[in-house]
Amino acid sequence: MRRWPPVLGLPSALVGRVLVRGGRGAEGIDELRRYTRRCERLDNPLAQTQAFAWLGEALEATSTVEACEAYASVVARWSDPRSVTRHQAEARAKALGCANR
């Protein structure tokens with residue numbers, strides 16, 4: 001298995017998204033976690049919030065609790081009720097039963 005060189009910033013989130021979509025979920029989740037844990041909240045808040053949504057989707061298959069946490073981050077950060085990503089995160093969280101945890 002090829003190891004990716006460390007990628008920082010938004011490209012890390014994009015690499016994670018591609019890896020998850022390409023069937024390499026564990027590697028993709030690692031990249032998405034790396035990006036969402038960075039101090040990007042002020043530098044690139046929209047991209048980091050989107051990465052939390054992608055992380056939630058990726059974690060649905062392995063850890064419902066962590067997926068719920070990722071979706072909660074999206075909802076907390078995107079207060080605008082017109083946000084498509086927020087609506088998607090709320091719908092996925094509801095489907096997982098996140099409010100009941």
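Visitor: Which helix does threonine 49 lie in?
Guide: This is a predicted model, where local features need pLDDT of at least 70, side-chain atom pairs count only at pLDDT 80 or more, and totals for chains, interfaces and linings use all residues. Residues are numbered from 1 along each chain as its sequence is written, and side-chain values use heavy atoms, with hydrogens and water left out. Helices (H or I, at least four residues) and strands (E, at least two) are DSSP runs, numbered from the N terminus. Threonine 49 lies in helix H3.

Visitor: Why does threonine 49 count as buried?
Guide: Buried means under 20% relative accessible area, exposed means over 50%, and partly exposed is in between (1.4 Å probe, protein chains only). Threonine 49 counts as buried because its relative accessibility is 4%.

Visitor: Which residues is threonine 49 in contact with, leaving aside neighbours within four places in sequence?
Guide: Contact means heavy atoms within 4.5 Å. With those neighbours left aside, threonine 49 is in contact with Val74, Arg77 and Trp78.

Visitor: What does alanine 53 touch, not counting residues up to four places away?
Guide: Alanine 53 has its place in helix H3. At 6% relative accessibility, alanine 53 counts as buried. Its C-alpha atom is separated by 8.8 Å from that of alanine 67, 14 residues apart along the chain. With residues up to four places away not counted, alanine 53 touches Tyr71, Val74 and Thr85.

Visitor: How many helices does the protein chain have?
Guide: Read from the N terminus on, the elements run α-α-α-α-α. The protein chain has zero strands, and its helices number five.

Visitor: What share of the protein chain is buried?
Guide: The protein chain has 101 residues. Among its contacts with a separation of 6 or more, 41% are between residues 24 or more positions apart. The buried share of the residues is 40%.

Visitor: How far does helix H2 reach from its first C-alpha to its last?
Guide: Helix H2 covers residues 25-36, twelve in number. The expected span of a helix is 1.5 Å times one less than its number of residues. That gives an expected 16 Å for H2, and the model is close to it, with a reach of 16 Å.

Visitor: Which helices are included in what covers the buried residues of H2?
Guide: The buried residues of H2 are Glu27, Gly28, Ile29, Glu31, Leu32, Arg33, Tyr35 and Thr36. Their cover includes helix H1 (10-21), helix H3 (45-59) and helix H4 (64-77).

Visitor: At what angle do H2 and H3 pack?
Guide: Axes are lines fitted to C-alpha atoms, for helices over the stretch in contact, and angles run from 0 to 180 degrees between N-to-C directions. The axes of H2 and H3 are 9 Å apart, and the packing angle is about 145 degrees.

Visitor: Which residues of H2 and H3 make the contact?
Guide: On the H2 side they are Ile29, Leu32, Arg33, Tyr35 and Thr36. On the H3 side they are Ala47, Gln48, Ala51, Phe52, Trp54, Leu55, Ala58 and Leu59.

Visitor: What is the make-up of this contact of H2 with H3 by class?
Guide: Ala, Val, Leu, Ile, Met, Phe, Trp, Tyr, Cys and Pro count as nonpolar, Asp, Glu, Lys and Arg as charged, and the others, Gly among them, as polar. By class, the contact has ten nonpolar, two polar and one charged residues.

Visitor: How many salt bridges are there?
Guide: A salt bridge is a side-chain nitrogen of Lys or Arg within 4 Å of a carboxyl oxygen of Asp or Glu. By this rule the count is seven.

Visitor: Which residue forms a salt bridge with arginine 17?
Guide: Arginine 17 lies in helix H1 and counts as buried, at 18% relative accessibility. Its contacts, leaving aside neighbours within four places in sequence, are Leu32, Trp54 and Glu57. The closest N and O atoms of the salt bridge are 3.1 Å apart, and the partner is glutamate 57.

Visitor: How many residues apart are arginine 33 and glutamate 66?
Guide: Arginine 33 and glutamate 66 form a salt bridge, with the closest N and O atoms 2.8 Å apart. The pair links distant parts of the chain, arginine 33 in helix H2 and glutamate 66 in helix H4, and the separation is 33 residues.

Visitor: Where does glutamate 60 lie?
Guide: The side chains of glutamate 60 and arginine 92 meet in a salt bridge, at 2.7 Å from N to O. Arginine 92 is in helix H5 (residues 84-96), 32 residues apart from its partner, and glutamate 60 lies in the loop between H3 and H4.
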